[in-house]
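Colleague: I'm new to this one. Could you walk me through it?
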Protein chains: 2
Amino acid sequence: MPVPHLTHALNAPTLDLEKRILAAKPTIEHWFRKQWQHHTVPFYCSVDLRNSGFKLAPVDTNLFPGGFNNLNPTFIPLCIQAMMIAVEKICPNAHNVLLIPENHTRNVFYLQNIAMLQSIMQQAGMNIRIGSLLPDLDQPLPVLLPNGDSLLLEPVQREGNRLFTRDFDPCAILLNNDLSGGIPEILQNLEQIIIPPLHAGWATRRKSWHFSAYDNVAQDFADLIGIDPWLINPYFISCGKVDFHEKEGLDCVAAGVNEILHLIREKYAQYGISEKPFVICKADSGTYGMGIMSIKDGAELYKLNRKQRNKMATIKEGLVVKNVLVQEGVHTFESIHQAVAEPVIYMIDRHVVGGFYRVHTGRGIDENLNAPGMHFVPLAFDTTCMQTDPTARPDAAPNRFYTYGVIARLALLASAIELERYLQTPLPVLAEV
Amino acid sequence: MPVPHLTHALNAPTLDLEKRILAAKPTIEHWFRKQWQHHTVPFYCSVDLRNSGFKLAPVDTNLFPGGFNNLNPTFIPLCIQAMMIAVEKICPNAHNVLLIPENHTRNVFYLQNIAMLQSIMQQAGMNIRIGSLLPDLDQPLPVLLPNGDSLLLEPVQREGNRLFTRDFDPCAILLNNDLSGGIPEILQNLEQIIIPPLHAGWATRRKSWHFSAYDNVAQDFADLIGIDPWLINPYFISCGKVDFHEKEGLDCVAAGVNEILHLIREKYAQYGISEKPFVICKADSGTYGMGIMSIKDGAELYKLNRKQRNKMATIKEGLVVKNVLVQEGVHTFESIHQAVAEPVIYMIDRHVVGGFYRVHTGRGIDENLNAPGMHFVPLAFDTTCMQTDPTARPDAAPNRFYTYGVIARLALLASAIELERYLQTPLPVLAEV
């Protein structure tokens, strides 16, 4: 596989970071083992990373990962083995799981993800059926996928506080639906275990809570291996009561943007970085890719036209954005064939099971791949994220991927803490500047 | 990879066994999950299987596996991931492990196993050094291996109840030494954890104890999936106070041989098997391959010549055989290029991480491979033992390997129970016929 390379000349800080992480492998793995003694790891998780050559950080942590189909088929056994560990914690007395996917019936890429997830769970020894929440589905719907896989979407039924489909009585409900549209009544107050828990969905989850937990994790990790936490942690601030339509609450966002730009400039000066700082404004809840904009000055917020404001005001499922996350932008300086390549790391339980690059081609190598729901070409990692090569450069593929796996696990740990904090304070009062 | 095929025409029983095991995968995996809630799984283990086409059974369970170098390199990540799980249970507050190998310094195949084991543990994030018990070693001995790997054998030192090497203070001692020669004083009463425990070594372990535990496991498993336990379990009987030199105690062995031959004949008649039954007499302790003979009539025992009796009387490290295991022989009907192929399954913690065939070539494909310590050509499995293929025949490679992984895990479970029983009754009184 051609490996994306860093286009940025100034890659000394990340190279130093990679060196330190590689050298501290036993310390790091031991530290993670200790963390998992004290925190409940999410069932599965994917983390989007950005590597600017001088900074390597998570920018999005997905608790309902949707790209298992993009992983390298050679390493699917790692997924199966990790899944065997994950399922030990659920269904101690049964082995039937109902998987509830998103309602994206036309997104074949997403459906291939569901087929792969079903296969991984079957290979791990679970009986797994797919229960669809599609409103008009009244009988099983077989779906043939272009790669030859097939799926059977079955209507979900409820009796009392139990979900089932026809002849299938599951002991657990596995969500691959991020609940952006709220928590459907049919999922509320079930007697079966729901994994991940309902409060991991975007109906309640806040990115600012996640990155607040990540702040602590990044600081602890930085102390552990003796680095500046900024190298792995983007600045952020969150604003509530924002209404892009009515231009309300924008002062908080603009002030946040300028505050963060100021902080970034200080760090860039400290490290001699000449890139132009930018920040990302995005909905504090919801799937990445919607309600998101890149800004280089707080004043830009007051100049948005109607179309731009609309784009920010609503996200997936028509949800109105009220809370905004203002986050330091991390440049993507990994590229392949002139196309930007963004790494995504996949985890099941506490194990990094693989990763791929989202390659954003201006014009797709294969235009078919730029179909709705797939605005990138996936490029699976050709090695695992666990086998380092001490004889190679710190940024050689296996070593770089190990580093990615470490940073992704920091975000995974932050999610564990984030979900624990939510349970301690179930009605979040969002921080306001 | 060319997959060994069954030469035996009468393969219906195993084919039926494979079918049942494949169909019951969720039931089986769930059953194993329950077992591991109640039993402490050994740290690592390898199991030798025999597939006669009408019977598939473990014949040797090794708690100090010596062939990690023979596994398929593609699936070493499975070993690393399983090792990360295994080490969670040891060294909660440190990450230094001292590996104590056999004293076979001239067996490069064994040393390649040690190098691979060290690499797996390093990749899992442990600091691992090799502490040798070689009596004359007074300074570190670097060893270069033909495959390019290198090892450093360091003299083991003891201060009070702690083992260490020079500047290295381990929190755990990992044994890859089966203690055939007894438990060396330097390993006794240590404050560090020893894995596997000392009583897993051949100084105390008895094969009859193992197969007695396996009797129970095989019966439970047979009940679970509705099969005759004989299909996966060889008959056995054990004799104490045997002295081949002095021709003492042979009556017990001969009677056992005839009793087991009688039982086998009944089963062969039941299944319409026309093969000639045989039994294996072997030392009840010690490494497979020494002190072992194949017999087709109890009377043969009284006709052994001096050389044959010597061969049976002493095993590895010159240990005198006093206890003998008489076990139903299971024909090996897997072969490749006219050479007999015997499967060996590898496990770390409760996970099947791979396997290989020992291919016994009358004349080696490469005579160099028939060097001392390597009387077979290893042929690594080309798929894992976890990914079944429902579209292929039950005996297609991935499906057959899954079945092998299941039977091997039954032997692993038997070892767990065997070691627990030993702790309950630490001074074994051997069963006598």
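Predicted model: local features only at pLDDT ≥ 70, side-chain atom pairs only at ≥ 80, totals over all residues.

Colleague: Which residue is Cys252(B) joined to by a disulfide?

Modeller: The partner is Cys239(B), and the S to S distance is 2.0 Å. The torsion about that S-S bond is about -90°, so the disulfide is left-handed. The pair links distant parts of the chain, 13 residues apart: Cys239(B) sits in strand β12 (residues 236-239) of chain B, and Cys252(B) in helix α6 (residues 250-271) of chain B.

Colleague: And Cys239(B), buried or exposed?

Modeller: Buried, because its relative accessibility is 1%.

Colleague: How many disulfides does the structure hold over all chains?

Modeller: Two. In chain A, Cys239(A) and Cys252(A) form a disulfide, with sulfur atoms 2.0 Å apart. The torsion about their S-S bond is about -85°, so that disulfide is left-handed. Cys239(A) belongs to strand β12 (residues 236-239) of chain A and Cys252(A) to helix α6 (residues 250-271) of chain A, so the bond ties together parts 13 residues apart in sequence. Both Cys239(A) and Cys252(A) are buried.

Colleague: OK, switching topic. What is the strand order in the sheet of six strands in chain A?

Modeller: The order is β6-β7-β5-β4-β10-β11, in an open sheet with mixed pairing. β6 (141-144) and β11 (193-195) of chain A stand at the edges with a single partner strand each, so one side of each has no neighbour in the sheet. Neighbouring strands are turned by 35° against each other on average, direction ignored.

Colleague: Do strands β4 and β5 of chain A run parallel or antiparallel, and how many bridges join them?

Modeller: Parallel, with four bridges joining β4 (residues 96-101) to β5 (residues 127-132) of chain A. If you want a spot to look at, Asn96(A) stands opposite Asn127(A) in β5(A).

Colleague: Which helix packs on the sheet?

Modeller: Helix α4 (residues 108-123) of chain A packs on the sheet. Helix α4 touches β4, β5, β6, β7 (150-155) and β10 (172-176) of chain A, and its direction makes about 150° with that of β5(A).

Colleague: Last topic, salt bridges. How many are there over all chains?

Modeller: The count comes to 32 salt bridges. One of them joins Glu29(B) and Arg409(B), at 2.8 Å from N to O. Glu29(B) lies in helix α2 (residues 25-38) of chain B and Arg409(B) in helix α8 (residues 397-424) of chain B, so the pair ties together parts 380 residues apart in sequence. Both Glu29(B) and Arg409(B) are buried.

Colleague: And what does Asp228(B) form a salt bridge with?

Modeller: Lys267(B), the closest N and O atoms being 2.8 Å apart. This pair links parts 39 residues apart: Asp228(B) is in the loop between α5 (207-225) and β12 of chain B, and Lys267(B) is in helix α6 of chain B. Both Asp228(B) and Lys267(B) are buried.

Colleague: Which residues are joined into one network by salt bridges that share partners?

Modeller: Glu88(A), Lys89(B), Asp349(B) and Arg350(B).

Colleague: What about Arg162(A), what is its salt-bridge partner?

Modeller: Asp169(A), with the closest N and O atoms 2.9 Å apart. Arg162(A) counts as partly exposed at 25% relative accessibility, and Asp169(A) is partly exposed with a relative accessible area of 43%.

Note on methods
Residues numbered from 1 in each chain as written. Chains lettered and ligands numbered in written order. Heavy atoms only, no water. Pairing = 2+ DSSP bridges. Helix = DSSP H or I, 4+ residues; strand = E, 2+ residues; numbered from the N terminus. Axes fitted to C-alpha atoms, helices over the stretch in contact; angles between N-to-C directions. Contact = heavy atoms within 4.5 Å. Disulfide = S-S within 2.5 Å. Buried < 20%, exposed > 50% of the residue type's maximum accessible area, 1.4 Å probe, protein only. Salt bridge = Lys/Arg side-chain N within 4 Å of Asp/Glu carboxyl O.
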